[in-house]
Each structure stands twice: as C-alpha cells, then as structure tokens.
Amino acid sequence: MHVAIMQPYFLPYIGYFQLLAAVDRFVIYDTVEYTKKGWINRNRMLRDGAVVTFSLPLKKDSDFLHVRDRRIADDFDRRKLVSQLSGAYRRAPQFDQVMPVLNDVVNFDTTNLFDFIKNSLERCCAYLSIKTPIVAASLIEGENDLRGAARVLSICETLGADRYTNPIGGLDLYRPSDFAAHGIALQFLRSRPDPYPQGGAPFEPFLSILDVMMFNPLDNITEMLRSGYDLIEGREGQDVPVAETR
C-alpha cells in the first residue's frame with residue numbers, strides 16, 4: 001500500500017495532484033488547526049499576465065478550531081468567485097471544458113470548509129481521471145494526540161502501508177530510519193516547473209491546478225501527472241533543492 005498524507009488545500013498546484021495520482025490511498029487531515037498563512041482556503045492564478053490570489057472567505061471563529069470545524073462565511077458570493085476565476089481564463093483554450101468543473105466546485109452546497117475542499121479535490125480528480133481514494137484522517141485514526149512523524153506513521157500502519165511519499169517540502173521533517181523501523185519506505189516527490197503556454201504571458205510555475213486545466217488539454221495534463229516530477233528516496237542527512245509547494 002502506497003500512502004500520502006496532506007492538509008486540504010483549495011484548488012492546489014499540480015504537484016498536489018501528481019502526489020495524489022502516484023499513491024494508492026490519499027489521506028487529508030481534517031483534524032488540524034486552520035492556518036491563516038497557509039494555502040487551505042486560497043491559491044494563485046494568472047490574470048492579465050499577473051499572478052493574483054483568490055480565496056474562500058471564512059466565518060470569523062477561533063484560530064484553534066480544526067479545519068473540519070471551520071465554516072465558509074455566510075456572505076460568500078459564489079457567483080462573484082466564479083466570475084473572478086472565469087474572467088481570468090475566459091480566453092484560455094480549455095475554458096469551455098473546465099467551466100463545468102469550476103461551477104460544480106464553487107457551487108457545492110455546503111458551508112463546511114473541509115467538506116467544500118474535499119469535494120473540490122474529488123471533482124478535479126474526476127476531470128483528470130485520477131482514481132485514488134481520498135480519505136479524511138479522522139476516519140482512520142480516530143481521536144489522538146499524535147503529532148508529526150508519529151502521526152504519519154500511525155496512519156500508515158493502520159492502512160498497512162509499505163511506502164510513504166511526501167512532497168519535497170517535508171524533506172527535513174522525516175527521517176528514513178524512523179519509517180524503516182516500521183517497514184515503510186520513505187520518499188519525496190519534487191514537482192518540476194515544466195513550462196506550458198499561458199496565453200502569451202511569461203511562464204509562471206506552480207499556480208493553481210485551475211491554470212493547468214485551463215491551458216492544457218487532458219492528454220497533456222495526464223503526461224504531467226505521470227512524469228512531471230522526480231521521486232527522491234529518503235536518505236539520512238541528504239541535501240536536495242526544495243521547490244515551493246502549495
């Protein structure tokens with residue numbers, strides 16, 4: 001069993017989906033605290049050749065609540081977000097193919113942040129023909145106080161994993177020997193910033209998957225998902241260049 005575990009991100013970059021497509025089971029944390037400076041409810045897109053941020057507005061609440069307990073703002077204007085995103089990509093070659101996905105994502109009938117993001121990931125996966133099951137961590141681990149590598153190892157053991165892959169940004173977080181002691185191979189996925197046409201603008205890598213979908217036919221994206229990354233085997237004390245991930 002090949003497993004990956006991530007936080008839930010809203011329309012994340014292609015590396016997230018490369019990881020999703022590479023494993024047998026993809027676990028997303030629902031019992032982690034929402035992080036304002038993270039990418040849980042926001043991402044980046046290209047508008048008129050410039051990189052801009054889009055986001056889901058959240059209801060004001062305690063910063064210590066888990067993601068599954070956070071709510072989208074009552075005044076969230078779904079039509080406005082669809083208009084913002086579609087306006088940025090109205091001239092993209094795959095616009096007509098991707099707009100039904102975008103509408104399904106934004107108009108999903110829930111105000112629960114975790115459920116909204118999980119649905120957005122599953123809807124994108126359906127479009128991209130990624131079959132990997134996405135599972136909430138709490139359904140596997142129940143309630144516990146584990147953190148960091150101990151939590152990852154506990155989930156992997158519950159699932160019967162023999163391989164765990166993490167984005168390259170976690171290279172300094174986990175020691176291969178800790179995983180090997182549990183019979184689990186550790187590796188890291190480093191997405192490559194392979195360029196593709198972005199409507200004549202200078203190429204900007206690692207934007208939201210929405211950008212990839214709008215500018216690339218499915219056959220091209222399938223190839224990116226299959227081979228647009230490097231797998232780095234975990235080694236103690238290794239020094240590998242790390243790309244920005246979101």
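Modeller: In the second largest pocket, the lining residues divide into 6 nonpolar, 4 polar and 3 charged. The model is a predicted one, and every value here is computed from it. The lining of this pocket comprises 13 residues, and those nearest its centre are Asp 48, Ala 88, Arg 91, Gly 199 and Phe 215. The space within the second largest pocket amounts to about 240 Å³.

The largest pocket holds about 720 Å³ of space. Its lining is made up of 32 residues, and Met 6, Gln 7, Tyr 29, Val 32 and Tyr 174 are the closest to its centre. By class, 14 of the lining residues of the largest pocket are nonpolar, 12 are polar and 6 are charged. Strand β1 (2-6), helix α6 (148-159) and strand β6 (163-167) each contribute at least two residues to the lining of the largest pocket.

Across the whole structure, the search returns 1 cavity of 30 Å³ or more, and the volume of the largest cavity is about 30 Å³. Leu 11, Val 98, Val 101, Leu 102, Val 105, Cys 124, Leu 210 and Met 213 form the lining of this largest cavity. Two or more of these lining residues come from each of α3 (95-106) and α8 (209-215). Helix α3 gives the most, with 4 residues. In the class count, the lining of the largest cavity has 8 nonpolar residues, with no polar and no charged ones.

The charged side chains can now be considered. Side chains of opposite charge can pair when their charged atoms come close. The model contains 9 salt bridges by the rule applied. One of them joins the side chains of Arg 68 and Asp 30, with an N to O distance of 4.0 Å. This pair connects distant parts of the chain: Arg 68 belongs to the loop between β4 (50-55) and α2 (78-88), Asp 30 to the loop between β2 (25-28) and β3 (42-47), and the two are 38 residues apart. Asp 30 is classed as buried because its relative accessible area of 4% is under 20%. Arg 68, by contrast, is partly exposed, because its relative accessibility of 26% falls between 20% and 50%.

Asp 178 pairs with Arg 175 in another salt bridge, in which the closest N and O atoms are 3.2 Å apart. Asp 178 is partly exposed, at a relative accessible area of 26%. A further bridge brings together Arg 192 and Asp 194, at 3.6 Å from N to O. Both partners are partly exposed: the relative accessible area is 30% for Arg 192, and the relative accessibility is 37% for Asp 194. These two residues also take part in a network of salt bridges that links Arg 190, Arg 192, Asp 194 and Asp 230.

The side chain of Glu 141 forms a polar contact of 2.5 Å with the side chain of Arg 151. Leaving aside residues up to four places away in sequence, Glu 141 touches Thr 31, Arg 151 and Ile 155.

Definitions and conventions. Residues numbered from 1 in each chain as written. Predicted model: local features only at pLDDT ≥ 70, side-chain atom pairs only at ≥ 80, totals over all residues. Heavy atoms only, no water. 1 Å grid on protein atoms, 1.4 Å probe; cavity = no way out; pocket = protein on both sides within 12 Å on 5 of 7 lines; lining within 4 Å. Points joined across faces, edges and corners; volume = space filled by probe spheres on them. Nonpolar A, V, L, I, M, F, W, Y, C, P; charged D, E, K, R; others polar. Buried < 20%, exposed > 50% of the residue type's maximum accessible area, 1.4 Å probe, protein only. Polar contact = N/O pair within 3.5 Å; in protein donor to acceptor, adjacent residues only side chain to side chain. Contact = heavy atoms within 4.5 Å.
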